[in-house]
Amino acid sequence: MDEATLKKRVYKFDPFAAVPEYIKVNRDLVAVVNSHVPGGLTGKRIGDIACGLGLMTKLACEIASPASSALMDRSDEALELAQQELGPYSGKTGLEFHVADAQEPLPVKPGTVDVGFLGNCIHNFARKAEAIKYAKEALAPGGLLAVVSTFFEGAYVPGTEILWQRWITRARRIIQEKHWPFEGQKERVQAGKDHWLSQQKYCDLMTENGLVIVRTELQTVELKQNALEAIAEFNDFAQGALRPAPEYLQTATAALKLAAGEIFQGLKGVNAVTAIPRYWMMVIAQKPLQPQYAETT
Ligand SMILES: C[S@@+](CC[C@H](N)C(=O)[O-])C[C@H]1O[C@@H](n2cnc3c(N)ncnc32)[C@H](O)[C@@H]1O
């Protein structure tokens, strides 16, 4: 099966996108972005890069009336779902959908985006600096870029590291104990793909690309068993976590789901813990105004 068919068949981010804690933390972060845009997001042109189901645009539309949003994702299935999700807002906000790789020049006119979102996606990119460079190109002078992720160096709340490691080792053990056929990826993982950077390193990348850091944010989110089971269904996550050969992706997902159940069973048994805290980070940076309009005092 070729890669495009496989991606189409397995794209399954909708379960995690529906987890209330996921929606809430992103809603809070979009509200922070809104507070940094002069006049808020109403009337602004959004670039929702690697949009998935269009959550960033949807949350922006909940609190404001953006003029438009250009939604871009490499998965056409994600874009179809985003189109459905955003149906209720299509009357008041101009929506366009593009299949696009965030690490390449974006399919929008340079200098036309007031607020760009790289929501919950940049950790998956092999070429993170390019993604920032092309997002910056799309921004209008003075425009903002918000990078959001929970897969970054420092995402584990101190004391919980062991649980996240145990989740992966348990999943591997389940595959062995159940004698499920399983093979790892044969092709080499692109350098940088699924590589976690620290929040500071994201700030550095943005600064190196000529953006000015406006705000950094770190929020704590309590993730319950259903959240871990839902993220296990997402192809990019299961691939990054267990690195299965494409035909064993469903096996990886099944093992991760069972392992999540075991982890929480163990936690409940010992000390009635029902959620694991985790940090979510955001960096907001601004594209400088053209030099002739910059203030001198
Ligand atoms: C975890 S989802 C997040 C979606 C959404 N931005 C949100 O915050 O809910 C990550 C999305 O990134 C997309 N993606 C991954 N790599 C990409 C790339 N190189 N270019 C464009 N989209 C990409 C995936 O298809 C997926 O829809």
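Predicted model: local features only at pLDDT ≥ 70, side-chain atom pairs only at ≥ 80, totals over all residues.
Local features need pLDDT of at least 70 and side-chain atom pairs count only at pLDDT 80 or more, while totals for chains, interfaces and linings use all residues. Residues are numbered from 1 along each chain as its sequence is written.

Helices (H or I, at least four residues) and strands (E, at least two) are DSSP runs, numbered from the N terminus. Strands pair if DSSP finds at least two bridges between them.

**The sheet**

Seven strands make up an open sheet with mixed pairing, in the order β3-β2-β1-β4-β5-β7-β6. The edges are β3 (94-99) and β6 (212-224); each has a single partner strand, so one side of each lacks a neighbour in the sheet. From one strand to the next, the twist averages 15°. Strands β4 (residues 113-119) and β5 (residues 139-149) run parallel and are joined by six bridges. Valine 113 has leucine 139 in β5 as its bridge partner.

Helix α5 (residues 76-85) packs on this sheet and touches β2 (68-73) and β3, its direction making about 165° with that of β3. Contact here means that C-beta atoms, placed from the backbone, lie within 7 Å.

**Two helix pairs**

Two packed helices are described by the angle between their axes and the distance between the axes. Axes are lines fitted to C-alpha atoms, for helices over the stretch in contact, and angles run from 0 to 180 degrees between N-to-C directions.

| Helices | Angle | Axis distance |
|---|---|---|
| α3 (residues 20-36) and α4 (residues 55-63) | about 60° | 9 Å |
| α7 (residues 161-177) and α11 (residues 249-271) | about 125° | 8 Å |

In the α3 and α4 pair, Asn26, Arg27, Val30, Ala31 and Asn34 of α3 meet Leu55, Met56, Leu59, Ala60 and Ile63 of α4. This contact holds seven nonpolar, two polar and one charged residue. Nonpolar covers Ala, Val, Leu, Ile, Met, Phe, Trp, Tyr, Cys and Pro; charged covers Asp, Glu, Lys and Arg; the others, Gly among them, count as polar.

In the α7 and α11 pair, the α7 residues in contact include Leu163, Trp167 and Ile174, and those of α11 include Thr251, Leu256 and Ile263. The residues of this contact divide into 11 nonpolar, one polar and three charged.

**Around the ligand**

The ligand is surrounded by 20 residues, of which the closest are Ala50, Gly52, Ala102, Gly119 and Asn120.

How values were computed:
Contact = placed C-beta atoms within 7 Å. Near = placed C-beta within 6 Å.
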